[in-house]
Amino acid sequence: MVKKIDFNDLIDFNVQPTDNPFTCYLGYFEFDKILGYIEYNVLYDTIDIVNVFVKEEFRNKGIGSVLLKELIDLAKNMSLKNITLEVNVLNDAAIKLYKKFNFIVVSIRRGYYKGIDGYLMELIL
């Protein structure tokens, strides 16, 4: 099950607190335990994904896909125009996930991740 959560629900994930008023979270739950989450900002007519994280022992079970689909549905229900994100060019698993949902690379951010390039990806809704 996926539902909106707040920062206090992510104690087990060592998430750093933010004072950004636009930051929101969706959590993936099984048996009342959060197995993964997606952190995002809603800014005007877009969502910017900050982080998608699934506990290591639960990866490759479709949890990231469920979270991303839920976020896309949320954005569509809010009549937003697009979803953007940055991803390390070496993060093949994440890139594969985003491409599965039709995100496209729109730019390369040179040296974005401590000297490693990042892709700026976007999904037009």
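Two strands are said to pair if DSSP finds at least two bridges between them; helices (H or I, at least four residues) and strands (E, at least two) are themselves DSSP runs, numbered from the N terminus. Strand 2 (residues 23-30) and strand 3 (residues 33-43) run antiparallel and are joined by 8 bridges.

Residues are numbered from 1 along each chain as its sequence is written, and side-chain values use heavy atoms, with hydrogens and water left out. Because the model is predicted, local features need pLDDT of at least 70 and side-chain atom pairs count only at pLDDT 80 or more, while totals for chains, interfaces and linings use all residues.

Stepping back to the whole sheet, 7 strands form an open arrangement in the order 1-2-3-4-5-7-6, with mixed pairing. Strand 1 (2-5) and strand 6 stand at the edges with a single partner strand each, so one side of each has no neighbour in the sheet.

Helix 1 (residues 63-77) has 15 residues and reaches 21 Å from its first C-alpha to its last, close to the 21 Å expected at 1.5 Å a residue, where the expected span is 1.5 Å times one less than the number of residues. After the helix comes Ser79, whose phi is positive, near 60°.

What does the interior look like? Leu68, Tyr98 and Phe103 touch the most other members of the largest nonpolar core, which has 29 residues. Such a core is a set of buried Ala, Val, Leu, Ile, Met, Phe, Trp, Tyr and Cys residues joined through side-chain atoms within 4.5 Å. Helix 1 gives the largest share of this core, 7 residues. A second, separate core of 8 residues includes Leu10, Val15, Phe29 and Tyr37.

Arg109, finally, lies in strand 6 (residues 104-113) and is partly exposed, with a relative accessible area of 30%. Leaving aside neighbours within four places in sequence, Arg109 is in contact (heavy atoms within 4.5 Å) with Glu86, Asp117, Gly118 and Leu120. The side chains of Arg109 and Glu86 are joined by a polar contact of 2.6 Å, that is, a pair of N or O atoms within 3.5 Å; within protein, one must be able to donate a hydrogen and the other to accept it, and residues adjacent in sequence count only if both atoms are side-chain atoms.

Conventions. Buried < 20%, exposed > 50% of the residue type's maximum accessible area, 1.4 Å probe, protein only.
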